[in-house]
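Have the 3D view ready as you read.

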Amino acid sequence: MAKFCFDGIDVYYEVHGDRGVPLVVLNGIMMSTASWAAFVPNFSANNILVLVDFVDQGRSRKVDKDYDHSLQVRVVEELVDMLGYDKVVVAGVSYGGEVGLQYALKRPDKVKRLILANTAARTSAWLRETGHKWNAVAATGDGYDYYMTTIPIIYSDGFRRRRRDWMNAREKTLVEYFSDKTVLARMVRLTDSSENYNVVNRLGEIECPTLIISGSEDGLTPLPEQRLMHEKIEGSRWVVMNGCGHATMYEEPDTFTSLVVGFANILDEEIVI
């Protein structure tokens, strides 16, 4: 689709559709714009859909320096401003939700609604240790070991059993992808960028309507982390998708799509019964 230059870094983005409130969808750490291909028709039917590869993701440029989430927040800020949107709905998954949450804190004037799927407000000790383990395996350069360490945990046991064919295809594709040492270096930098992430004490500042989507079997951002956000973001809605792991959008795509599209397009007027 297109690229824009941000601090000398080429950032890839896509815009689909030509009507409705802009819906900016932000990737999980190991995703890219290509990860949303199956969702594009529904997400863009009544919204202008904006997809973007963060720095070090997909078709955006890699960098050779360490950074934290603030770099990715600036990517979103620059992109929304460049496209000239007055207000947008932000929907982020995991890493993308963390960036989206911080964008909403930085630019509340720009965020009409906020959707946080499988997202945490902090890098817990458990999540930090998990990231360290991922990076230790990445240092070996073994694509298969990296895949086995990072990917199966994302899905629920039930999904892995039901969709063995899908998981096998995923393994074949990603093992080859992760066997590229340049890709692993990107993954390490992205993982490290979350090392000190913590906005728990600022959650009360979120004033826009917010939807939290969780998986009951999410092993990376478990329900207590989701409950924390729900309790601290006043008026937030919280939906738990039973039987789903960390990748709710892949395990129950129809339900996930309905939640995102429905919440993005509900009228601002209060529904009085």
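## A parallel pair in the sheet

Strand E5 (residues 88–93) runs parallel to strand E6 (residues 111–117), and 6 bridges join the two; strands count as paired if DSSP finds at least two bridges between them. Val 89 has Arg 113 in E6 as its bridge partner. Strands (E, at least two residues) and helices (H or I, at least four) are DSSP runs numbered from the N terminus.

This is a predicted model, in which local features need pLDDT of at least 70 and side-chain atom pairs pLDDT 80 or more, while totals for chains, interfaces and linings use all residues. Residues are numbered from 1 along each chain as its sequence is written, and side-chain values use heavy atoms, leaving out hydrogens and water.

## The whole sheet

The open sheet has 8 strands with mixed pairing, ordered E1-E2-E4-E3-E5-E6-E7-E8. Strand E1 (2–6) and strand E8 (237–241) are at the edges with a single partner strand each, so one side of each lacks a neighbour in the sheet.

## A helix on the sheet

Helix H11 (residues 253–265) packs on the sheet and touches E3, E5, E6, strand E7 (210–215) and E8; contact means heavy atoms within 4.5 Å.

## A look at Ser 236

Ser 236 sits in the loop between helix H9 (223–232) and E8. Is Ser 236 buried or exposed? With a relative accessible area of 8%, Ser 236 is buried (under 20% is buried, over 50% exposed, partly exposed in between, with a 1.4 Å probe and protein chains only).

Leaving aside residues up to four places away in sequence, Ser 236 touches Thr 210, Ile 212, Met 229 and His 230. A polar atom of the Ser 236 side chain is 3.0 Å from the backbone oxygen of Ile 233.

Note on methods. Axes fitted to C-alpha atoms, helices over the stretch in contact; angles between N-to-C directions. Polar contact = N/O pair within 3.5 Å; in protein donor to acceptor, adjacent residues only side chain to side chain.
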